[in-house]
Amino acid sequence: MDVGKLRITKHPGGKKPEIVFTLKDELNSTKPNEACPKEHKFVVSPIGHQSLTVVSHAPMDSAASKTSHGEAITEKMQVEGKVKQRAECRPHADANYMKLKRIQFVEASKPTRVVQQLQGVVQTYKPVSNHENNIKWDKEKKEQGKKSRADKDQVMDMLFSAFEKHQYYNIKDLVRTTNQPVTYLKEILKEICVYNIKAPHRNMWELKPEYRHYKEDKEKDS
């Protein structure tokens with residue numbers, strides 16, 4: 001479709017020609033803050049040491065050639081020409097353009113937040129670091145942990161009874177067997193057990209040598 005007219009005015013004496021583009025009226029908006037400048041000037045400058053080309057793509061026929069990797073080439077490329085000059089489109093700084101820029105500046109300077117008068121109560125929810133249900137659950141968990149602590153002698157009896165069945169235990173199995181808090185259980189284990197840090201029983205607990213045959217020692221003493 002026709003988008004406008006391009007007027008090229010040549011000047012004598014080797015001066016650069018004046019190139020002006022005029023936008024078609026039907027394509028411009030009727031709103032003042034959306035209307036584009038009607039006339040634009042092309043500022044032409046040489047490319048310099050750059051090498052720019054215009055390349056076209058065209059589909060290949062059925063007997064398409066293939067690359068060295070066996071991939072089929074579905075289109076061919078062709079150089080149509082070289083770019084020698086660069087043209088920058090700049091609008092004329094006339095009254096309409098300055099009016100448009102002034103409207104844009106005013107719109108950009110408007111605050112994004114405005115004060116509004118509320119007619120009714122608005123329910124707001126403030127963020128909290130921890131919800132009430134979580135606090136209640138943590139509190140019950142702590143109280144339950146404190147209440148579940150059994151007497152030390154009773155816990156030791158449970159441990160001795162467990163080590164009569166197996167020589168090595170991990171901490172999870174001992175917690176499940178005694179039903180005691182981990183911190184409290186470890187305090188007792190450090191007194192009567194040895195923690196293995198080497199294979200083949202790494203991260204396992206076993207009784208200290210003086211407790212491994214405590215039943216036989218007790219019978220001898222009696």
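Thr 178 touches Met 158, Leu 159 and Leu 185 when residues up to four places away in sequence are not counted, contact being defined as heavy atoms within 4.5 Å. The model is predicted, so that local features need pLDDT of at least 70 and side-chain atom pairs count only at pLDDT 80 or more, whereas totals for chains, interfaces and linings use all residues. Residues are numbered from 1 along each chain as its sequence is written, and side-chain values use heavy atoms, with hydrogens and water left out.

Thr 178 belongs to helix 4, residues 171–178, where helices (H or I, at least four residues) and strands (E, at least two) are DSSP runs numbered from the N terminus. The side chain of Thr 178 reaches the backbone oxygen of Leu 174 at 2.7 Å.

Accessibility is given in the table, with buried meaning under 20% relative accessible area, exposed over 50%, and partly exposed in between (1.4 Å probe, protein chains only).

| Residue | Relative accessible area | Class |
|---|---|---|
| Thr 178 | 4% | buried |
| Cys 89 | 43% | partly exposed |
| Cys 193 | 5% | buried |

The structure holds zero disulfides, a disulfide being a pair of cysteine sulfur atoms within 2.5 Å.

Turning to the strands, two of them pair if DSSP finds at least two bridges between them. Strand 2 (residues 18–23) pairs with strand 3 (residues 39–46) in the antiparallel sense over four bridges, and Val 20 stands opposite Lys 41 of strand 3. Strand 3 is also joined to strand 6 (residues 85–91) by seven bridges, again antiparallel, with Pro 46 opposite Gln 85 of strand 6.

Conventions
Polar contact = N/O pair within 3.5 Å; in protein donor to acceptor, adjacent residues only side chain to side chain.
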